[in-house]
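This report covers selected local features of one structure. The sequence and model come first, followed by short notes under headings.

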Amino acid sequence: MQNHQLYVNGKYIESTGTEWIDILNPATEEVISRIPKGTKEDVDKAVEAADQAQKAWELTPNIERGKIVRKLGDEIAKRRDTFIDLLQEEQGKDYELASGEVDLAIDYFHYMSEWARRIEGEIVPSDRPNENILIYKKPIGVVAGIIPWNFPVFILARKVATALVTGCTIVIKPSQQTPNTTMEFTKIVDALEEIPAGVYNVVMGTGSEIGNALASHKKVQLITMTGSVQAGTKVMEAAAQNITKVNLELGGKAPAIVTQNADLDLAAEAITTSRLANGGQACTNAERVYVHESVAEALTEKLIRAFESKKLGNPRKDKDVEVGPLISEDRLETVEEMVQEAVKEGATVATGGERPDFGGGFFYKPTILTNVKHDSAIIRDEIFGPVLPVTTFKTLDEAIEKANDTVYGLSSSVYTNDLNEAMRVVNEMKFGETYVNRENFEAIQGYHAGMRQSGLGGADGKHGMEDFLATQVVYMQYKNDQQ
Ligand SMILES: NC(=O)C1=CN([C@@H]2O[C@H](COP(=O)(O)OP(=O)(O)OC[C@H]3O[C@@H](n4cnc5c(N)ncnc54)[C@H](O)[C@@H]3O)[C@@H](O)[C@H]2O)C=CC1
Ligand SMILES: O=C(O)[C@@H](O)[C@@H]1OC[C@H](O)[C@H]1O
């Protein structure tokens, strides 16, 4: 079993801490590795290394940075099966989604490498004679990348590829629940001579200690963090000490509106896929269904059949498994308590609503709740598990109003074959993403961003680099001896 080390300034080093954190396989509860419970001193060393490497890295020609970013994708591709297996073991993802996540990470490095020559400035005409106004886009500097456990490979790629291609050095903190894939990636970086020491660093430990030390470090110029609203709030508080820029992708409570003009088979399949993806643990997954009362029974029956058809189990032992475990006992207990609270508030368990008798692992049966009231906790709070509350509406106005009635604003979906209904929903929803007649997961050439408490800034596409860049405007006055 591996006891991981930190990776600072191009070397593996021991933490100055003396405590360790066990990493569990959520499907078996076995300890599969350990990470150091890192310290502030560890963070200081890593940020210092990144800061020392920053100047040379940002002066490296963009095309050279782009080639390195592309090669990182190539190297992951060579180790694809290893990454898939490590990801399934530490996070419990089903094979189809795990292989998809690794492939998307490879694609992300390749895609972001192509932006190297497209980080452009502008020349603006001055009102003064003999003056040019030059708008520069420059690397913001040292980046702290804080990774969640639910898509540890892809979200690592999202932050590392963007930082490196824009000319920023980076200090990564993986989730204290899924570090193994990050450390496999670190082996690739360590073997690539083209990456100077200090450009990429890894510290490990708890969010409240290591994450906070990164977010409050005066030499960190951008904190890019994906995780809960609660943790994002703490990151903002810490960043405020130095007015450090934050890039936050936080929780969600995605509504799925199904009108009386929807293709109910399509809606049932897409919503099932959306809710149960990654065992329900994705912030863009459908978290609540609003269905027109006239088709509620028909849709619910289809959803129940679809949920009950899904194979629940240990995905690393059986490639046919479609729904794996929750990440931890804490998350399992939270989901269980949310269902029990919903039932107390009058909801009916239409299917699921309990742990399977697997004798171990953090499993919960795919669950559908009906007779749910809009103002109940299960509709208000993020579940982040394989549980789908279904409630009804009479008019489209009511559905849109209820869908928007949330502190979140990440993703949303609508199912209808009526163009007028689709355009009304698209134009009136207050969410960073709206999926029409399809399930979630965004495109890397789009722009993944949350409104309201779902985040600040965003990722992906040409806009995804903006948070990693700073703007400098130069007023270039010159003499013209011809005048
Ligand atoms: N929006 C998204 O993409 C995701 C949202 N979540 C949300 O987070 C909840 C719990 O999942 P976790 O991974 O435990 O999320 P979390 O938000 O607790 O942790 C995410 C990352 O932030 C770090 N972190 C935690 N507290 C921090 C702090 N005070 N300062 C700096 N960094 C800190 C963690 O160590 C981890 O690396 C889920 O229920 C879900 O609501 C989780 C994963 C992804
Ligand atoms: O972390 C999340 O839940 C989201 O970022 C989700 O994960 C993979 C895709 O980036 C998002 O849909």
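## Cysteines

Cys283 is buried, at a relative accessible area of 12%. The model, which is predicted, also has Cys168 as a buried residue, with a relative accessibility of 0%. Both values fall in the buried class because that class takes in everything under 20% relative accessible area. The number of disulfides in the structure is 0.

The UniProt record, an unreviewed entry, lists Glu249 under "active site". In the model, Glu249 belongs to strand 12, which covers residues 245–249. Its relative accessible area is 8%, so Glu249 counts as buried.

Cys283 is among the residues that Glu249 contacts beyond four places in sequence.

## Residues around ligand 2

Ligand 2 has 13 residues around it. Those that come nearest are Asn150, Glu249, Cys283, Thr284 and Glu442.

For Glu442, the distance from a polar side-chain atom to an oxygen atom of ligand 2 is 2.6 Å. Asn150 places a polar side-chain atom 2.7 Å from an oxygen atom of ligand 2. In Thr284, an N or O atom of the side chain is 2.7 Å from an oxygen atom of ligand 2.

## Glu101 in helix 4

Glu101 lies in helix 4, which spans residues 95–113. With a relative accessibility of 3%, Glu101 is buried. A polar atom of the Glu101 side chain is 2.9 Å from the backbone nitrogen of Val153.

Apart from residues up to four places away in sequence, Glu101 touches Leu87, Lys93, Asn150, Phe151, Pro152, Val153 and Phe154.

One open sheet contains 3 strands in the order 1-5-4, and its pairing is mixed. Its edges are strand 1 (2–3) and strand 4 (20–24), each of which pairs on one side only.

Strand 5, residues 31–36, pairs with strand 1 in the parallel sense over 2 bridges. Arg34 in strand 5 is the bridge partner of Asn3.

Technical notes
Residues are numbered from 1 along each chain as its sequence is written. Chains are lettered from A and ligands numbered from 1 in the order in which they are written. This is a predicted model: local features need pLDDT of at least 70, side-chain atom pairs count only at pLDDT 80 or more; totals for chains, interfaces and linings use all residues. Side-chain values use heavy atoms; hydrogens and water are left out. UniProt positions are given in the numbering used here, feature names are shortened, and annotations may be inferred rather than shown by experiment. Helices (H or I, at least four residues) and strands (E, at least two) are DSSP runs, numbered from the N terminus. Buried means under 20% relative accessible area, exposed over 50%, partly exposed in between (1.4 Å probe, protein chains only). Contact means heavy atoms within 4.5 Å. A disulfide is a pair of cysteine sulfur atoms within 2.5 Å. Two strands pair if DSSP finds at least two bridges between them. A residue is near a molecule or strand if one of its heavy atoms lies within 4 Å of it. A polar contact is a pair of N or O atoms within 3.5 Å; within protein, one must be able to donate a hydrogen and the other to accept it, and residues adjacent in sequence count only if both atoms are side-chain atoms.
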